[in-house]
Every structure is written in C-alpha cells, then in structure tokens.
Amino acid sequence: MRTLLLRSLFAKPVTVPAPRPDALPQATEDALLAELGRALEMRTRKLFGRSITIREVDAGSCNGCELEIHALSNAYYDLERFGLRFVASPRHADVLLVTGPVTKNMREALERTYHATPSPKWVIAVGDCAVSGGCFAGSYAIVGSVAEVVPVDLHIHGCPPSPTDLLKGLLALLEQTNMENSVS
Ligand code: SF4
C-alpha cells in the first residue's frame with residue numbers, strides 16, 4: 001500500500017503527446033482544406049455540371065481506411081459542400097473508392113459492383129492494401145491488389161491515407177479526367 005502511495009505521489013502526470021513535428025498548424029490545415037475544396041468544386045462543376053457520386057467498397061480491409069473515408073463526411077471535412085456525395089448503390093455512382101486487399105470472398109462482390117456501376121466510371125484504389133496487398137500480401141486468403149480484379153484509374157497510398165490525401169486523390173482524378181477530355 002505504501003509503495004503504491006509513494007509511486008502515485010511521484011509519478012509524472014499523464015499528458016497528451018506533443019504533435020508530430022510534420023503536423024501542420026490548425027490554421028494551415030484549414031486553409032489547405034478550403035483550397036482543396038474550392039479546386040474540387042470547380043473541377044466537379046466544370047466536368048459534370050452536377051455533384052459527383054461515390055460508392056465505397058470494402059474488398060477486405062482492416063477498416064482503418066474506412067475510418068478515414070468516413071471522416072470525409074464529418075462536420076470538419078464535410079465533403080458534400082464541395083459537390084461530392086456518397087451513395088448506397090453502385091448504380092448511382094460515378095466513382096468507386098475501393099479499400100483493402102481483395103479477399104477471395106469479396107472478389108465476386110467487387111466484380112459485380114464494378115459491372116453494376118454505369119459508364120463512364122472511375123475506380124480509385126485506396127490504401128496500401130488496395131494498391132499492392134500491403135501487409136496482407138501473400139496471404140492465402142487474398143486474390144491481391146484491386147488492379148488484379150478490376151481496372152484502376154488512380155492509386156492513393158498510405159496506411160491509412162488521411163482525409164486530406166483522399167481529397168488530393170479525388171482532385172488528381174478530376175484533373176486527369178479533364179486532361180483526357182481535352183486531348184480526345
Ligand atoms: S492500408 Fe492500412 S488501414 Fe488500410 S486496410 Fe490496409 S492495413 Fe488497414
């Protein structure tokens with residue numbers, strides 16, 4: 001009992017860890033988000049003349065990538081204000097955001113989702129697992145990366161990628177689509 005008392009008397013206070021040295025100050029982060037949002041909104045309106053719709057497909061992820069994707073809909077990132085919307089059905093989607101290595105159990109579901117999405121459509125592989133199998137590469141339970149099952153237009157690396165990385169990826173996809181449209 002005495003040991004416990006002494007230990008708690010001299011124990012250091014438990015504090016919140018210091019921010020990472022590479023973390024941006026909040027004001028800079030807010031400004032970056034506003035700039036990305038404006039660019040996304042401009043490109044979306046120019047290319048589609050309407051909102052673009054996104055269907056998320058978990059092809060076997062650990063759900064870490066889903067947490068970051070869900071954050072895009074929270075009050076801070078609020079993706080909808082930039083003209084991008086998540087939808088429940090691939091039949092209403094322009095873009096498929098696919099996470100995770102593709103497991104053998106999810107292969108058919110991913111293929112069916114891809115074929116149910118009307119053209120023109122774009123596929124983004126989100127996270128290291130979707131790009132290359134990540135930490136699950138070589139597992140008996142997976143088929144492999146998303147590109148081994150359906151055509152992929154853009155890869156977003158990270159484990160998991162942050163909501164800002166996802167916004168940058170969506171913007172890169174719209175820029176790429178814009179360039180292809182102007183070439184053709
Ligand atoms: S990339 Fe990382 S967070 Fe995303 S599914 Fe793979 S292990 Fe999970």
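Me: Which accessibility class does N63 count as?
Reply: N63 sits at 39% relative accessibility. This is a predicted model, so local features need pLDDT of at least 70 and side-chain atom pairs pLDDT 80 or more, while totals for chains, interfaces and linings use all residues. Buried means under 20% relative accessible area and exposed over 50%, with the class in between for the rest (1.4 Å probe, protein chains only). So at 39%, N63 is partly exposed.

Me: Where does N63 lie, given its positive phi?
Reply: Most residues other than glycine have a negative phi. N63 has phi near 85 degrees. Helices (H or I, at least four residues) and strands (E, at least two) are DSSP runs numbered from the N terminus. On that numbering, N63 is in the loop between β1 and α3.

Me: What are the residues around the ligand?
Reply: Residues are numbered from 1 along each chain as its sequence is written, and side-chain values use heavy atoms, leaving out hydrogens and water. Near means that a heavy atom of the residue lies within 4 Å of the molecule. Helices α3 (64-71) and α5 (128-132) each supply at least two members of this shell. The list reads S61, C62, G64, C65, D128, C129, C135, G158, C159 and P160.

Me: How many disulfides does the rule count?
Reply: A disulfide takes a pair of cysteine sulfur atoms within 2.5 Å. Take C135: its closest cysteine sulfur, in C129, is 4.4 Å off, so that's too far for a bond. C129 is buried at 14% relative accessible area, whereas C135 is exposed at 65%. The count comes to zero.

Me: Which strands stand at the edges of the five-strand sheet?
Reply: The sheet is open, with parallel pairing in the order β2-β1-β3-β5-β7; two strands pair if DSSP finds at least two bridges between them. Each edge strand has a single partner, so one side is left without a neighbour in the sheet: these are β2 (84-86) and β7 (154-156).

Me: How many bridges join β1 to β3?
Reply: β1 (residues 52-58) and β3 (residues 95-99) run parallel. Among the pairs, E56 has L97 in β3 as its bridge partner. The number of bridges between the two strands is five.

Me: What is omega for the cis bond from C159 to P160?
Reply: Most peptide bonds are trans. P160 is in the loop between β7 and α6 (163-183). Another cis bond joins S119 and P120, with omega about 0 degrees. For C159 to P160, omega is near -10 degrees.
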